[in-house]
Amino acid sequence: ACKKVLRAPIKKDEYDWFKKYVFLSNIWMQKSKKTGRFMYEELLAIGRTMSLNIVDNMNSIYEHLQTHKHWDKVMAIENQTLVSRQDDKSVGLLMEKGLSQLFEMKSDDESEEQCEEMKNFVDSNMAINMLTA
């Protein structure tokens, strides 16, 4: 059933039901009768298998692109950073008042480490959660 719910195309109503009733349940701490592994291990195995297919497809595309006659020109393109932070005005993420105040906060010596931890957490996790919600 998990494979069906997680397989493309993902149906929003089925996925929402899965998240609400199955994902949050304690069923994941029970052992599978077939394999003897915990159910969460079974779910992780499904995720690994699905991601391997995606990785194999991407590797195949990359290998095909390398055979293109202009591949050297593509590889000669240099990296350039246009936006280095998620809270850049042009990105539009993390612009809420409380979050912008956090990034501008000046901290005293005692709480400087905690302040930096909070800034790093928000910078690395908050925008991802906002985009995927």
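Trainee: How many salt bridges does a search of the whole structure find?

Mentor: The search finds 2 salt bridges. Keep in mind that we are looking at a predicted model.

Trainee: What makes the pair Lys-12 and Asp-16 a salt bridge?

Mentor: The closest N and O atoms of Lys-12 and Asp-16 are 2.9 Å apart. The cut-off asks for a Lys or Arg side-chain nitrogen within 4 Å of a carboxyl oxygen of Asp or Glu, so the pair qualifies.

Trainee: And how are Lys-12 and Asp-16 placed in helix H2?

Mentor: Helix H2 covers residues 12-23, and the two residues are 4 apart in it, so about one helical turn separates them.

Trainee: Is Lys-12 called buried or exposed, and why?

Mentor: Lys-12 is called exposed because its relative accessibility is 60% and the label applies over 50%.

Trainee: Why does Asp-16 get the label partly exposed?

Mentor: Its relative accessible area is 30%. Buried would need a value under 20% and exposed one over 50%, so Asp-16 falls in between.

Trainee: Good. How do you know that Arg-37 and Glu-42 form a salt bridge?

Mentor: Their side chains meet with 3.2 Å from N to O. As for Arg-37, a relative accessible area of 35% makes the residue partly exposed.

Trainee: Let's turn to Met-50. Where does Met-50 lie, and what makes this residue partly exposed?

Mentor: Met-50 lies in helix H3, which spans residues 39-66. The relative accessible area of Met-50 is 24%; buried means under 20%, so Met-50 is partly exposed.

Trainee: Which residues does Met-50 touch, leaving aside those up to four places away in sequence?

Mentor: Met-50 touches Lys-3, Leu-6 and Arg-7. Each of these counts as a contact because heavy atoms come within 4.5 Å.

Trainee: What is the secondary structure of the protein chain?

Mentor: The chain comes to 6 helices and 0 strands, and from the N terminus its elements read α-α-α-α-α-α.

How values were computed: Residues numbered from 1 in each chain as written. Predicted model: local features only at pLDDT ≥ 70, side-chain atom pairs only at ≥ 80, totals over all residues. Heavy atoms only, no water. Buried < 20%, exposed > 50% of the residue type's maximum accessible area, 1.4 Å probe, protein only.
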